[in-house]
Amino acid sequence: MKVFYHCYGSSHTSVVAAAIHTGQLDRRRTPSLRELDRIPNFDRVRAADLGTVFFAGTGPDGEEVYVVGFGPGKDVIRRAVLSFLALKGVSPDDYLLVDALSRANWVVKAGGIASRRLGLVSLGRPIAALGIRQVYQRLVELVEETQAEVRRRKTLAGRGLP
Amino acid sequence: MVCAAIHVGRLPEDRVPAPQDLYALPGFASESPGRAGWIRPMGKDPLGHTVCFLGNRARFEVLERAVRQIGEKMGVSTADVLYVDTMPLANWLMRLGSLGSQTIRLDGLGAAIAARGVRAAYPGLVGLVRRTRAVLRGERPPRR
């Protein structure tokens, strides 16, 4: 089983969701700005790397966790990925494509634009981190829903059910 | 969609097709907005390649990279996939027609405008298909 968290630039919501999923961040308390800044790739992926898949670690049930940025047109790219894998015979039970951007607020987006698009890192990074702190529980909920789905699929696969 | 249809022989290479020929393509005259991104097979070419098409409103290189890399992580070989960006050949009539049929749901008017645009761009679309075939035959390097 593989989990792909995606957001706009694989710099903010997806990397934080992946860090929660892999146990690098404590889900019971909101991380400090310093802790967020220490997450690999947090507010560091370049626009030229949109579409690049980064390995983030392994989840509690052995699932591999990745992050990827889809840029503008995420729904189109989601459909392209899903239909490509279907055409290639990959079972939809073997992976999850999780939209982390849906849990972002305008503060995260504004910080991300300032840092990643305008190059104003010293201004944008703290704003993005502040926004992440505001939506942290939403990201925890997203991860818990994702991990529950991973476990559900593993259980069904163990019983030989589709 | 039109390039894929030319590639598999559903549309002619030696003349510009009539609008009715274009309307007969699946989804040309009436395409729901939620279909953009779905990869759909058009058929096979004489060399046995499966020819597919998709509508793309994302950045081509981002879509290609994401599909390729996620495919590789899932154990799928992508070495046998050739991605061809047709958008540089889309003229304003094609874009306006697509907007008319998919965004504001004026299917008939949108399709008529898009067909006019396709007919104007048709020689270029045939040229792209021929260059793609040359790549598949190994006579040209793939775009990078």
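**View 1. The buried area between chain A and chain B.** On the chain A side, A:V76, A:R79 and A:F84 supply 25% of what chain A buries against chain B, more than any other three residues. As for who touches whom, 30 residues of chain A are in contact with 31 residues of chain B (contact means heavy atoms within 4.5 Å).

**View 2. The salt bridge and the side of chain A that touches chain B.** The rule turns up 1 salt bridge across this interface, a salt bridge being a side-chain nitrogen of Lys or Arg within 4 Å of a carboxyl oxygen of Asp or Glu. The partners are A:K88 and B:D80, with their closest N and O atoms 3.1 Å apart. From chain A, β1 (2-7), β3 (64-69), α3 (74-87) and β4 (95-99) each put at least two residues on the side that touches chain B. The top contributor is α3(A), with 10 residues. Helices (H or I, at least four residues) and strands (E, at least two) are DSSP runs, numbered from the N terminus.

**View 3. The open sheet of chain A.** Follow the 4 strands of chain A in the order β2-β3-β1-β4 and you have an open sheet with mixed pairing; two strands pair if DSSP finds at least two bridges between them. At the edges sit β2 (53-58) and β4 of chain A, each pairing on one side only. Neighbouring strands are turned by 25° against each other on average, direction ignored. Here axes are lines fitted to C-alpha atoms, for helices over the stretch in contact, and angles run from 0 to 180 degrees between N-to-C directions. Lying across β1 and β4 of chain A is α3(A), which runs at about 175° to β4(A).

View 4. β1(A) and β3(A) run parallel, joined by 6 bridges, and A:K2 stands opposite A:E64 in β3(A). β2(A) and β3(A) instead pair in the antiparallel sense, over 5 bridges; A:F55 has A:Y66 in β3(A) as its bridge partner. The hairpin of β2(A) and β3(A) has 5 residues between the strands, and A:G62 in the turn shows a positive phi of about 85°.

**Notes for all views.** Residues are numbered from 1 along each chain as its sequence is written, while chains are lettered from A and ligands numbered from 1 in the order in which they are written. In this predicted model local features need pLDDT of at least 70, side-chain atom pairs count only at pLDDT 80 or more, and totals for chains, interfaces and linings use all residues; side-chain values use heavy atoms, with hydrogens and water left out.

Technical notes:
Buried area = accessible area lost by both parts, 1.4 Å probe.
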